[in-house]
Amino acid sequence: MPFSVNGILGTLALLLLLWRPEEQAEACSCAPVHPQEAFCHADVVIRAKVVGEREVISGNDIYGNPIKRIQYDIKQIKMFKGPNQDIEAVFTAPVSAVCGVTLDATGKKEYLISGKAEADGSMHVTLCDYIMLWDSLSATQKKSLSHRYQMGCDCKIVRCPSLPCSISAPEECLWTDLMIEKQVHGRQTNHYACVKRADGSCSWYRGVTPPKKEFLDAEDP
């Protein structure tokens, strides 16, 4: 029995109406970032322990289904960037397929957590945010959280996707860990910050101590 074009289009339209995004396979995909980029783009960056976990409902979707989130209750140890009040809870999606984050809620581990601020004083995090065990950070990374990363927030860190690669502007720093070391957590990630210098250009700086005037001076190569 032949099918008309209009009949086929009508069937497709009905299927589209019945289709629900949450029933489809989803995946969370995040581009790798240098920790300085993560710091500069985040609303909140804290050191904290997770002391509790529960599932909460935060409204309904367009189909009337409850929107579930995981609430992690935290004990903030130090705030590196964010609002004046302490962060008491971190929210995330319930599964990793939609970028939900899994944290140890026993209070035994300390994390560096970056994410977006919410109006009620909490924060929301995804797999694309920079979340690391505190003990896994290098000494340089820990020191850079207090001041050095902020010094470079006007700089731009450019990933090197393939060789040869180069910067296109003086305020850029070329990030080569992925290409040369074949890993995200390479030398530049663990030991360098992209710092703005006196002439407005940016350059990689290595070291735990703050950059000296000689480094920041435009005359210094």
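**The second largest pocket and its surroundings**

Tutor: Sixteen residues, written 16 in the count, line the second largest pocket, and those nearest its centre are Leu127, Cys128, Asp129, Tyr130 and Ile131. This is a predicted model, in which local features need pLDDT of at least 70 and side-chain atom pairs count only at pLDDT 80 or more, while totals for chains, interfaces and linings use all residues. Residues are numbered from 1 along each chain as its sequence is written, and side-chain values use heavy atoms, with hydrogens and water left out.

The space in this pocket comes to about 250 Å³. Its lining divides into 12 nonpolar residues, 3 polar and 1 charged. Here Ala, Val, Leu, Ile, Met, Phe, Trp, Tyr, Cys and Pro count as nonpolar, Asp, Glu, Lys and Arg as charged, and the others, Gly among them, as polar. A pocket is an open set of points on a 1 Å grid over the protein atoms alone, with protein on both sides within 12 Å along at least five of seven lines; a cavity is a set of points where a 1.4 Å probe fits but cannot get out, and lining residues have an atom within 4 Å of a point. A volume is the space filled by probe spheres set on the points, which are joined across faces, edges and corners.

Cys28 sits in the loop between helix 1 (5-18) and helix 2. Helices (H or I, at least four residues) and strands (E, at least two) are DSSP runs, numbered from the N terminus. Cys28 is partly exposed because its relative accessible area is 23%; buried means under 20%, exposed over 50% and partly exposed in between, with a 1.4 Å probe and protein chains only.

With 16% relative accessibility, Cys99 counts as buried. Phi of Cys99 is near 75°, which is positive in a residue other than glycine.

Among the contacts of Ile113, beyond four places in sequence, are Tyr130, Ile131, Val44, Val45 and Leu103. Ile113 is in strand 4 and is buried, at a relative accessible area of 1%. Ile113 and Val44 lie 69 residues apart in sequence, yet their C-alpha atoms are 8.0 Å apart in space.

Tyr130 also belongs to another lining. The structure holds 1 cavity of 30 Å³ or more. About 50 Å³ of space lies in the largest cavity, which is lined by Pro35, Ala38, Phe39, Val45, Leu112, Ser114, Tyr130, Leu145 and Tyr149. The elements giving two or more residues to this lining are helix 2, strand 4 (110-117) and helix 3 (139-151). Helix 2 gives the most, with 3 residues. The cavity lining holds 8 nonpolar residues, 1 polar and no charged.

Helix 2 (residues 35-41) also contains Gln36. At 2% relative accessibility, Gln36 counts as buried. Leaving out residues up to four places away in sequence, Gln36 touches Tyr149, Gly152, Cys153, Ile157, Ala193 and Cys194. A polar atom of the Gln36 side chain lies 2.8 Å from the backbone nitrogen of Cys194.

Ser122 is buried, with a relative accessible area of 5%. Its side chain makes a polar contact of 2.6 Å with the side chain of Asp120; a polar contact is a pair of N or O atoms within 3.5 Å, where, within protein, one must be able to donate a hydrogen and the other to accept it, and residues adjacent in sequence count only if both atoms are side-chain atoms.

For the setting as a whole, the protein chain has 6 helices and 10 strands. Of its 221 residues, 38% count as buried. Among contacts between residues at least 6 apart in sequence, 56% join residues at least 24 apart.

Terms used: Contact means heavy atoms within 4.5 Å.
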